[in-house]
Amino acid sequence: MSEGNIPASLLNQVRADLRPVTPLAAPSRRLLALVPLALILFFGPPIYWGWRANFALLPSWTSWGLSALESLGGAALMALALRQAVPGLAVRRRWMWLAFAGATLLFASVSVTTAHVLPTPLHNASSWGRIEWECVFMELPFALASLAVSAWLVARALPTRPALAGGAYGLAIGLMTDAGMRLFCEVDQLFHVLAAHGGVILLGAIGGALTATLIERVKYRRLQIRNHRR
Amino acid sequence: MYHRCKIFFAVRMSDPNDTEELDKLMREYQQGSLAAFEALYRALAPRLRSFVRTRVRHDARTSDLLQETFLEIHRSRHTYLPGNSVAGWAFGIALNVVLRHRHVERRRDRHEVPTDTLELEAELPAADFELQPLQEALAHLPSDSRATWWMRNIEGLSFDAIARRLGIAATAVRLRCSRASRALRAALERGPDNE
């Protein structure tokens, strides 16, 4: 078959649905749509749950500065996820893994620095388990809502490796949520921060990867069903 | 792998006129022009075909996947960002289709349909014709064509049911069945001596 000849079945399917489409906005512009979300994640937890009791004791570069840095790191990772979802713009897998490593390092550095500047142990060592869960459950509502919005933005495109794109936006949401959460949670003990706050970030990354993969599978399955009906 | 394909295409598509022309065609296609789609097909199909073929190494499957790629290009035409490389975008979609195909194949391999030609005798015990030539002709078919033909003609499944079981489009099942039947007919007409 010559390449000039388009198969009739393909041509018919194209002809049947030739409505004009609006191209997707560039990843940078789609990222702008997430700015309000980043602001909610930044200011939401401390405004809703209350500012940390020892907020005044923290130098502003440690409180506002490191939180802003973490939030910006999350935004950069989100930009990467949105780019990864567009065919032809995806970055190499090794760069994605490097970005994941960078995000993890950023979170660890922020946590270690804060613990060093203002070491705040738990008042009651026996209550550490309860406080861990409190932090996780207080972060989750913010993280889940943002995860849903990001998942929708990525699903509008066509990620070649959905798990990677999903992992990136999940990790990004985790970082941005932690940026706000550390303005609320007054416990800077490393074990607590790494286990509870880091746990939410890890949950975000895994949840994002699973959500994106699931969405792509569902999209493909629906496509197959539609093809069968034709 | 994806990066390599982008480099490969960047070399082939270095002519700025070609790139600009494709971008213009893509914009027209997004506005609903069928002529633009046809021109894009002619420009991209040969390169996409070789891209897919190097990854699946099977001619019949390559044709199926090329058609699947263009269908996906059509469905995802809104994901092309004007001003970017059309070729890079199309290769990204082709890679997506190939990876999806591999995933479906891996899943199918776990639930492989037995198509041992010896089963034919068990399925048709009262046949009053010689089964040997058919068995030999079946053995010469590619495994996926044989499985499709078997499910359709021996198990009596519908095209839709086969498509669901194999995780491919119903049109691809039809295509495979008709190719397999044609190949079987040709092999039976030639006879064992002429093979």
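**Helix packing, interface and confidence**

Guide: In chain A, helix α6 (residues 128–155) and helix α7 (residues 162–181) pack at an angle of about 140°, their axes 9 Å apart. Axes here are lines fitted to C-alpha atoms, for helices over the stretch in contact, and angles run from 0 to 180 degrees between N-to-C directions. Helices (H or I, at least four residues) and strands (E, at least two) are DSSP runs, numbered from the N terminus. This is a predicted model: local features need pLDDT of at least 70, side-chain atom pairs count only at pLDDT 80 or more, and totals for chains, interfaces and linings use all residues. Residues are numbered from 1 along each chain as its sequence is written, and chains are lettered from A and ligands numbered from 1 in the order in which they are written.

Visitor: Which residues of α6(A) and α7(A) make the contact?

Guide: From α6(A), they include C135(A), F142(A) and L147(A), and from α7(A), they include Y169(A), I173(A) and M181(A). Contact means C-beta atoms, placed from the backbone, within 7 Å. By class, the contact of α6(A) with α7(A) has 9 nonpolar, 6 polar and 1 charged residues. Ala, Val, Leu, Ile, Met, Phe, Trp, Tyr, Cys and Pro count as nonpolar, Asp, Glu, Lys and Arg as charged, and the others, Gly among them, as polar.

Visitor: Switching topic: how many residues of chain B are in contact with chain A?

Guide: 40 residues of chain B, against 29 residues of chain A. On the chain B side, α5(B) gives the most, with 9 residues. That side of chain B divides into 19 nonpolar, 15 polar and 6 charged residues.

Visitor: And how many helices and strands does chain B have?

Guide: Chain B has 10 helices and 0 strands.

Visitor: Where in chain B is confidence lowest, and where highest?

Guide: Lowest in α1(B), at a mean of 46, and highest in α3(B), at 91. That's pLDDT, the predictor's confidence in each residue, from 0 to 100. Over residues 1–14 of chain B the pLDDT is below 50, though that stretch has 17 contacts in the model beyond near neighbours in sequence. Chain B as a whole has a mean pLDDT of 78, with 77% of its residues at 70 or more.

How values were computed
Contact = placed C-beta atoms within 7 Å.
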